[in-house]
Amino acid sequence: MDIIAALTTEFSLALWQVENTVKLIDEGNTIPFIARYRKEMTGSMDDQQLRELYDRLNYLRNLEERKEQVLHLLEEQNNLTDEIKDKLIAATTLTEVEDIYRPFRPKRRTRATMAEEKGLGPLADILWAQELKMSAEEAAVPFIDIEKGVETASDAIAGACDIIAERVSDDPNCRAWVRNTTWQEGFISSTPSKKAQEGSENSENNQKSKKVGVYDMYFEFTEPIKKIAGHRVLALNRGEKEDWLKVTLEAPIEKILTGLENRLLENNPHTLSLLKTTIADSYKRLSAPAVERELRSTLTEQAEEGAIKVFGENLRQLLMQSPIKDRVVLAIDPGFRTGCKLAVVDETGKVLETGVVYCTIGKETGPSKKILHQCIEKYNANLIAIGNGTASRETEQVIAELLKEFDLSAQYIIVNEAGASVYSASKLGAEEFPNFDVALRSAVSIGRRLQDPLAELVKIDPKSIGVGQYQHDMNQKRLGETLSGVVESCVNSVGVDLNTASPSLLSYVAGITPTVAKHILAYREENGKFTSRKELLKVKKLGPKAFEQCAGFLRIPGAANSLDNTGVHPESYAVAEGFLAHQKEGKSASLEDIAKQLSTGLPTLQDIIKELEKPGRDPREDLPPPILRSDVLSLDDLQEGMILQGTVRNVIDFGAFVDIGVHQDGLVHISQLSDKFIKHPLEAVSVGDVVTVKLLSVDIKRNRISLSMKI
């Protein structure tokens with residue numbers, strides 16, 4: 001296969017774009033670097049396009065490698081024919097390759113292999129030829145061999161039929177036809193398991209009864225295989241794994257058997273009935289279970305890819321939320337028995353003070369309010385961040401009362417604390433704050449993630465951030481790779497302050513490994529702040545290639561060369577200076593002509609101009625800020641028809657969850673997201689969006705809020 005040509009066609013790109021991109025990848029360049037600084041070579045392909053092409057390139061290379069392996073194996077077995085070789089070369093998927101190799105794959109001991117050992121292969125050939133002029137029993141007589149365990153003609157026929165059944169099942173064309181027919185016309189169904197039935201009957205067991213309620217919509221569920229939504233596939237998988245559901249595929253059996261018979265059988269009266277029975281046995285015993293496994297696997301892979309894509313997009317929007325700069329934050333990690341942990345962090349994220357108040361148990365909140373008021377006054381903290389976990393509602397009530405009682409101008413916001421506990425218990429959390437207990441580290445994390453979501457959230461495993469769906473049921477390697485790519489993309493699009501960035505943040509910069517990130521920190525601690533990008537070359541294990549990849553994404557505010565605080569790459573400093581000199585001269589010329597004069601490409605020059613217009617610009621500043629509150633709203637305050645503002649917290653396949661300030665996110669179903677038809681909620685909203693919603697209904701008993709964006 002010509003991989004370059006295949007990619008060119010598949011991605012609708014010019015041949016030169018694909019050739020250059022593959023060359024850049026093979027030379028060890030990172031995706032962020034290629035996307036940002038090699039636009040002329042790629043035709044300005046963006047980060048996402050490049051990652052998709054990179055993934056497809058790897059798949060096609062793995063496909064070619066597997067083809068070579070199979071060709072080699074078949075040659076060793078003396079089974080390689082010109083026909084098989086042509087089929088392998090023409091195969092476009094790994095599934096096709098495995099179908100071709102299936103008949104020759106070394107097998108465990110089966111009924112067919114045991115029949116082969118008894119010398120019944122020739123009889124299977126005779127029967128399958130469908131040219132008999134005698135009965136099958138008469139044809140089987142010469143194969144009777146008591147020593148081999150073939151005592152009667154019936155034994156011989158049964159063994160030969162086992163061989164034929166396996167051949168039919170292994171035939172690539174038959175397998176592909178059965179698979180496609182099942183996919184196109186089959187159904188996936190689920191019924192309650194025995195455990196679920198017992199849970200429904202025994203309502204005294206609240207936990208079991210509650211779990212049954214999660215899956216009850218799937219107790220009488222049937223949907224066409226080719227139409228089932230990804231989130232339903234993942235829900236069925238989880239229900240089956242937890243033994244609440246019994247999931248099956250229902251194939252059009254009669255159509256499949258008739259189709260196989262029409263494809264394979266001739267109207268020979270001596271073998272027709274026998275071979276029909278054999279084909280039915282082949283399908284029901286061998287093909288159907290294997291195809292069901294394959295299709296379930298395909299459905300799962302597709303569902304996972306869809307969910308991973310949604311997770312990645314949600315994560316991107318969360319990381320790229322507008323930071324709240326230049327504000328001293330009082331962060332609170334709410335709790336009941338152990339109290340609410342406090343942390344005051346200044347504008348740079350430095351911890352000024354920590355403490356504990358007990359304001360969520362009992363009626364007396366005066367002493368706690370006094371401590372909180374002192375913290376606010378002492379440090380001029382004008383923003384309060386409250387984690388949304390246990391006791392969040394009670395803490396919010398106390399803060400709202402505090403702001404009113406003392407007539408404070410401060411505001412508060414509920415912060416999604418997903419992953420804060422993971423960070424606080426991590427090795428990194430312990431290294432940053434060795435003298436803080438776990439809960440105090442969580443409070444610091446809550447405050448810092450409000451000030452700069454990206455810088456703080458990179459310290460946490462992306463899977464723990466809480467903007468996905470069924471993330472623990474997915475291929476963890478694939479999920480991890482995708483989410484890491486998203487974090488890398490976000491970090492490099494924003495840029496990183498070389499003199500303040502943590503090792504966690506630095507390790508996501510293109511070309512910088514976790515080891516090199518630690519060396520950068522060690523160099524900074526030993527030599528003080530970096531004064532120029534060139535100084536990076538003095539860092540241990542950061543060579544010219546790593547410098548090329550990372551330099552443009554690192555910022556040095558206050559550097560002697562102001563370009564060191566922009567996204568202009570050092571390799572283009574001469575171009576930037578040349579452009580500035582041209583502007584001073586006041587000569588009139590098109591950008592195309594200027595680019596030619598400066599020996600650079602137009603996309604690069606345009607990027608340089610953007611950086612010169614707004615040096616040190618943070619792209620997140622263009623996004624809407626989060627909603628700040630000063631009063632509390634409860635479920636009891638809600639009335640149907642109310643118009644509210646909220647923040648999108650999570651986007652899933654069937655809608656979006658919106659925080660309207662009552663500690664229970666409301667669901668905007670996909671049908672209520674837009675007046676226009678949309679295939680997926682991401683077409684209408686993203687995580688972090690501030691939206692206006694109408695309240696459709698409130699179910700206080702079940703803590704369910706239904707919202708609409710159709711206002």
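Guide: An axis here is a line fitted to C-alpha atoms, for helices over the stretch in contact, and angles run from 0 to 180 degrees between N-to-C directions. Helices (H or I, at least four residues) and strands (E, at least two) are DSSP runs numbered from the N terminus. This is a predicted model, where local features need pLDDT of at least 70 and side-chain atom pairs count only at pLDDT 80 or more, while totals for chains, interfaces and linings use all residues. Residues are numbered from 1 along each chain as its sequence is written, and side-chain values use heavy atoms, with hydrogens and water left out.

Let's start with helix α7, residues 94-101, and helix α12, residues 172-185: their axes come within 8 Å and cross at roughly 135°. That angle makes α7 oblique to α12, since under 35 degrees is roughly parallel, over 145 roughly antiparallel, 65 to 115 roughly perpendicular and the rest oblique. On the α7 side the contact is made by Thr95, Asp99 and Ile100, and on the α12 side by Pro172, Arg175 and Arg179; contact means heavy atoms within 4.5 Å. Sorted by class, that makes two nonpolar, one polar and three charged residues.

The charged residues lead us to salt bridges, each a side-chain nitrogen of Lys or Arg within 4 Å of a carboxyl oxygen of Asp or Glu. By this rule the model has 44 salt bridges. Take Glu313 and Arg316, whose side chains meet at 3.9 Å, N to O. Both sit in helix α17, residues 272-319, three residues apart, or about one turn of the helix. Glu313 counts as partly exposed because its relative accessibility is 23%, the class between buried (under 20% relative accessible area) and exposed (over 50%), with a 1.4 Å probe and protein chains only. Arg316 is partly exposed too, with a relative accessible area of 23%.

Other salt bridges reach across the chain. Arg56 pairs with Glu10, their closest N and O atoms being 2.9 Å apart. This links distant parts of the chain, with Arg56 in helix α5 (residues 47-76) and Glu10 in helix α1 (residues 3-10), 46 residues apart. Arg56 is partly exposed at 24% relative accessibility, and Glu10 is partly exposed at 43%. Arg167 likewise bridges to Glu116, at 3.8 Å between the closest N and O atoms. Here Arg167 belongs to helix α11 (residues 153-170) and Glu116 to helix α8 (residues 111-117), 51 residues apart. Relative accessibility is 35% for Arg167, which counts as partly exposed, and 40% for Glu116, also partly exposed.

Finally, a stop at a sheet. Five strands form an open sheet in the order β6-β5-β4-β7-β8, with mixed pairing; strands pair if DSSP finds at least two bridges between them. At the edges, β6 (351-357) and β8 (411-415) each pair on one side only. From one strand to the next, the twist averages 20°. Strand β5, residues 340-345, joins β6 in the antiparallel sense over six bridges, and Ala343 has Thr354 in β6 as its bridge partner. Helix α18 (residues 366-379) packs on this sheet, touching β4 (329-333), β5, β6 and β7 (383-387), and its direction makes about 170° with that of β6.

Notes: Nonpolar A, V, L, I, M, F, W, Y, C, P; charged D, E, K, R; others polar.
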